[in-house]
Amino acid sequence: MAKHGSFSGSSPEDDDTETPLLLPVHRDEAATTAAGRRQASPLLKALLAHRYPAIASGPAACAAVCALVDLGGAAPTNMLGVLAWVFLWWVTDAVPLAVASMAPLFLFPAFGISSADTVAKAYMDDVIALVLGSFILALAIERYHIHRRLALNITARFCGDPVRPSLLLLGITGTTAFVSMWIHNTACTVMMMPVATGILQRLPRERDGGASQEEDEVRRFSKAVVLGVVYASAIGGMATLTGTGVNIILVGMWSAYFPEQEPITFSSWMTFGLPMALVLFVALWVTLCLVYCSDSTGKALSAYLDRGHLRRELSLLGPMAFAEKMVLAVFGGLIVLWMTRTLTEDIPGWGILFHNEVGDGTVTIMMATLLFIIPNGKSEGEKLMDWNRCRKLQWNIVLLLGAGFAIADGFRTSGLTNILSDGLRFLEGAPVMVIVPVACIFSGVITEFTSDDATATLVLPLFAELAKSIEVHPGLLMISGAVGAQLSYLFPTGSPSNIVGFSTGYITIKDMVATGLPLKVAGVAALTILLPTLGTFT
């Protein structure tokens, strides 16, 4: 009895009282059933813990596509199957993002889509060099707390005395958007969110027993700050090529699909991206002020936050050191080189000195190399950066970009883009004011359920081939698709930046939808007006 009770997990007292006397037969059946469940349960838990169902979903989807789908040839069918495999691994996190992004390196040669050398070359080109150099510069900025100094300086200027919530939001979101223009928006969010939450830590959190009107105002303002950092990071990244991976993917695919067209350079993109970002930033600021601020918000904040606190935080950083000045000098020099490599058709940039053989990635790596040469002035022999600190490089983003370029090449060589583009042929002959919003909304819906970069990887090859088949300027479709992929404002799954903000606990999905939906509408409207106006799409 004791042995049986021990096996069933019951205490000796239970065995000697009610259960054996009342239900002796059913007890044995129950014990047998429970034992079977306990034997099966660890196996099921192990399968789920190791994510084997998610891992198997990729090969299973690929096999199903190859067996059931007929696209008129083996190459496009195999490409669609491989795409389903990689996409499911991306969406389900079956394996780490970097590992899933390396899958084309073995899947493409195995399925006869492209050779090993061809697919490997997609993982390293000038665009990837641009990303690598930008990440190294971002690590240098983070090492010397330059982002924190910049944020505190600007926020202290905008705080107001007494506190003016609208100006404080303008300072925080404006700083975030500016920083995001020059580094990847995910890295910007990761750097700026601690600055924002550091300010919010002085404010009371909502209590279970209910909140007073003053505490409710503070809670609503806290939501505005977190949402402002998340969305300002995405909006600021839209202004430049280095601000987001989507723009990088666009540049790479543009040059691959349309080498005869004028290349998209850092300066040429800013002529469109900066006005677009400014319109969206104003829409963000107005939305945050209208939804989350009221006449009594400033009074509620004055009890917890003032300009003196921000100045004290700034004073703790001390004066700007030599290392900080050098990092800023390198960063400023890089921006100048980006902007002046190519100017206009009549006034060539400095790139002509090198027969226009250099790219934005060339100068980015060159300036990043200086960080490993210039001393930091703190310890003898110590430089501004060392390679050990580069272990924090976001290799998952780098490999994701490489996978995107490889998939784009596979789309083109397999003929899959020609087949898929037939589904959007209704845009043939449509006016520009219809083509742009349709392409943007198509991409904007997909991006809410997967990352910005993954969305761009999927839709841009499709739009490239569609532009050829319906004979419209490719910029109308590809740029619309790229911008739509960046309008991931509704759900945490839309981008890593959304996840960073959502994980703070200050915001909910309802908050994201309430703020993100007006921004999404404003983005589509602004793109419909600005793209034909600022571009030369004839």
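Ser101 lies in helix H7, which covers residues 97-101. The model is predicted. Ser101 has 0% relative accessibility and therefore counts as buried. Beyond four places in sequence, Ser101 touches Trp90, Tyr123, Asn396, Leu399, Leu400 and Ala403.

Cavities were examined next. Three cavities of 30 Å³ or more were counted. The largest cavity has a volume of about 60 Å³. Its lining consists of Val131, Ser134, Phe135, His184, Thr242, Thr244, Gly245, Ile248, Ile397 and Leu401. Five of these lining residues are nonpolar and five are polar; none is charged. At least two lining residues come from each of helix H10 (126-143), helix H15 (245-257) and helix H21 (395-414). The most is given by H10, with three residues.

Helix H23 spans residues 432-446. At 1.5 Å a residue, its 15 residues should span 21 Å. The end C-alpha atoms of H23 are 22 Å apart, which agrees with that expectation. Buried positions in H23 are Ile435, Val436, Pro437, Ala439, Cys440, Ser443 and Gly444.

The mean pLDDT is 80, and 86% of residues reach 70 or more. Helix H8 (residues 104-110) has the highest confidence, at 94. Helix H1 (residues 2-8) has the lowest, at a mean of 39. Over residues 1-27, pLDDT stays under 50. For residues 1-27 the model has 21 contacts beyond four places in sequence.

How values were computed: Residues are numbered from 1 along each chain as its sequence is written. This is a predicted model: local features need pLDDT of at least 70, side-chain atom pairs count only at pLDDT 80 or more; totals for chains, interfaces and linings use all residues. Side-chain values use heavy atoms; hydrogens and water are left out. Helices (H or I, at least four residues) and strands (E, at least two) are DSSP runs, numbered from the N terminus. The expected span of a helix is 1.5 Å times one less than its number of residues. Buried means under 20% relative accessible area, exposed over 50%, partly exposed in between (1.4 Å probe, protein chains only). Contact means heavy atoms within 4.5 Å. pLDDT is the predictor's confidence in each residue, from 0 to 100. On a 1 Å grid over the protein atoms alone, a cavity is a set of points where a 1.4 Å probe fits but cannot get out, and a pocket is an open set with protein on both sides within 12 Å along at least five of seven lines; lining residues have an atom within 4 Å of a point. Grid points are joined across faces, edges and corners, and a volume is the space filled by probe spheres set on the points. Ala, Val, Leu, Ile, Met, Phe, Trp, Tyr, Cys and Pro count as nonpolar, Asp, Glu, Lys and Arg as charged, and the others, Gly among them, as polar.
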